[in-house]
Every structure is written in C-alpha cells, then in structure tokens.
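Subject: Structure for you to look at

Dear colleague,

Here is the structure I said I would pass on. My notes follow below it.

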Amino acid sequence: MQEKLDHIAAKLYQGDKSAISSLLDNYYTIYYNYAYRIVGDATISKEIVLDTFTNIWINRSKLSKVLNFRSYIYTSIRNEAIDYIRKFRKENIESLADKYDSIIEIKENPENLIITKQELEKINDAINRLPPRCKEILYLVKEEKLKYKE
C-alpha cells in the first residue's frame with residue numbers, strides 16, 4: 001500500500017490528473033471510514049475526505065517535502081475532522097446559549113416569570129449532556145458574563 005501511495009504522490013507532484021483519480025478509486029473507502037470513526041457522520045466524512053483530496057491536489061507542489069504520504073493523508077483527514085468538530089461544538093454552544101437567553105430572559109410581567117417544570121428540565125437535560133468543557137464555557141458566558149473568546 002505504501003509503495004503505491006508513494007507512486008501516486010510522485011505522480012501528483014508532477015501534476016498528473018490521473019493520480020488524483022487513482023487516489024479516489026483505490027483509497028477513498030479507507031479514508032472515508034477513518035473520517036467516519038472520528039466524526040460519526042456519513043455526509044461530513046465524505047466532505048472531509050473530498051476536501052482533503054482537493055487540498056492535496058491544490059498543494060501538490062509541496063508534496064516533494066512529504067516523507068510519508070500515507071501518514072500525510074491520515075494526518076490531513078484527522079485535522080479536517082478536528083476542525084469540523086471544533087466548529088460544530090462552537091455552533092452548538094452558541095445555539096444553546098441563545099436558547100438559554102431566550103428562556104431565562106425575565107421581564108417584569110408575572111406571566112413571563114413562570115417557567116414550567118418541563119422547560120426547566122429540558123434546559124438542564126441539554127446542559128447536562130454537554131461535555132464538561134462546554135458546560136464550563138456556557139457557565140462562564142451566561143453566569144460570569146464573559147465573552148466566548150475569553
């Protein structure tokens with residue numbers, strides 16, 4: 001496998017378009033499965049692999065510096081997956097924070113002071129399902145009034 005990948009890398013470096021097709025035809029499933037194990041989503045896994053292959057093609061002139069093409073691809077896919085997870089978690093935290101704001105926002109009207117037990121349970125359940133770091137961020141943003149970047 002390594003020799004064939006090294007051969008493909010050499011052809012990519014030379015600008016041979018058939019090399020990217022060969023990479024897709026022979027290795028797509030392997031790298032898709034790897035991405036899927038990280039993100040757990042079929043559509044996102046496809047995007048990650050195709051984005052990685054596209055970036056390899058775009059940056060093919062730098063492939064001469066790559067010592068192990070197989071490791072390079074795995075590392076690229078892992079980095080793309082981690083970027084997706086970071087972005088996804090940030091969006092989820094912000095979405096949850098917005099919901100939290102809209103529910104907790106209390107006005108002087110007595111009708112608005114009533115939060116049903118079910119709504120409160122839903123909020124607490126959603127917060128409890130967050131990873132520990134996300135809970136901490138939510139607490140700091142909502143209770144301590146810090147900004148997300150802080």
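Arg60 lies over the face of Trp57, at 3.9 Å from the ring centre. Please keep in mind that this is a predicted model.

Of its 150 residues, 25% are buried. At Tyr27, α2 bends by about 65°. The buried residues of α2 are Ala19, Ile20, Leu23, Tyr27, Tyr31, Tyr32, Tyr34, Ala35 and Val39. After α2 comes Gly40, which has a positive phi, near 70°.

Next, the aromatic rings. The structure holds 7 aromatic pairs. In one of them, Tyr27 and Tyr31 have ring centres 6.3 Å apart and planes at 40°, so this pair is tilted. Both of these tyrosines lie in helix α2, 4 residues apart, which is about one turn of the helix. An α-helix has 3.6 residues a turn, so residues three or four places apart point the same way. Tyr27 and Tyr31 are both buried.

Another pair is Tyr34 with Tyr74: the ring centres are 4.9 Å apart and the planes stand at 90°, so the pair is edge-to-face. This pair links distant parts of the chain, with Tyr34 in helix α2 and Tyr74 in helix α4 (residues 69-104), 40 residues apart. Tyr34 has a relative accessible area of 18% and counts as buried, because the cut-off is under 20%. Ring pairs link Tyr27, Tyr31, Tyr34, Phe53 and Tyr74 into a cluster.

In soluble globular proteins, nonpolar side chains tend to be buried together. Here the largest nonpolar core has 23 residues, and the members that touch the most others are Leu12, Leu23, Tyr31, Phe53, Phe69, Ile73 and Ile77. The elements giving two or more residues to this core are α1 (2-13), α2, α3 and α4. The largest share, 9 residues, comes from α2.

Which residues does Val49 touch, leaving aside those up to four places away in sequence? They are Tyr28, Tyr31, Tyr32, Ala35 and Ile77. Val49 itself sits in helix α3 (residues 42-58). With a relative accessibility of 0%, Val49 counts as buried. From Val49 to Leu24 the C-alpha to C-alpha distance is 9.3 Å, while the two are 25 residues apart in sequence.

Last, the charged side chains. The count comes to 1 salt bridge. The side chains of Asp16 and Lys11 meet in a salt bridge, at 3.8 Å from N to O. Asp16 is partly exposed, with a relative accessible area of 27%. Lys11 is partly exposed as well, with a value of 25%.

Regards

Methods:
Residues numbered from 1 in each chain as written. Predicted model: local features only at pLDDT ≥ 70, side-chain atom pairs only at ≥ 80, totals over all residues. Heavy atoms only, no water. Bend = angle between axes of the 7 residues up to and from the residue. Buried < 20%, exposed > 50% of the residue type's maximum accessible area, 1.4 Å probe, protein only. Contact = heavy atoms within 4.5 Å. Phe/Tyr/Trp six-rings, centres within 6.5 Å; stacked < 30°, edge-to-face > 60°. Lys NZ or Arg CZ within 6 Å of the ring centre and 35° of its normal. Core = buried A, V, L, I, M, F, W, Y, C linked by side-chain atoms within 4.5 Å. Salt bridge = Lys/Arg side-chain N within 4 Å of Asp/Glu carboxyl O.
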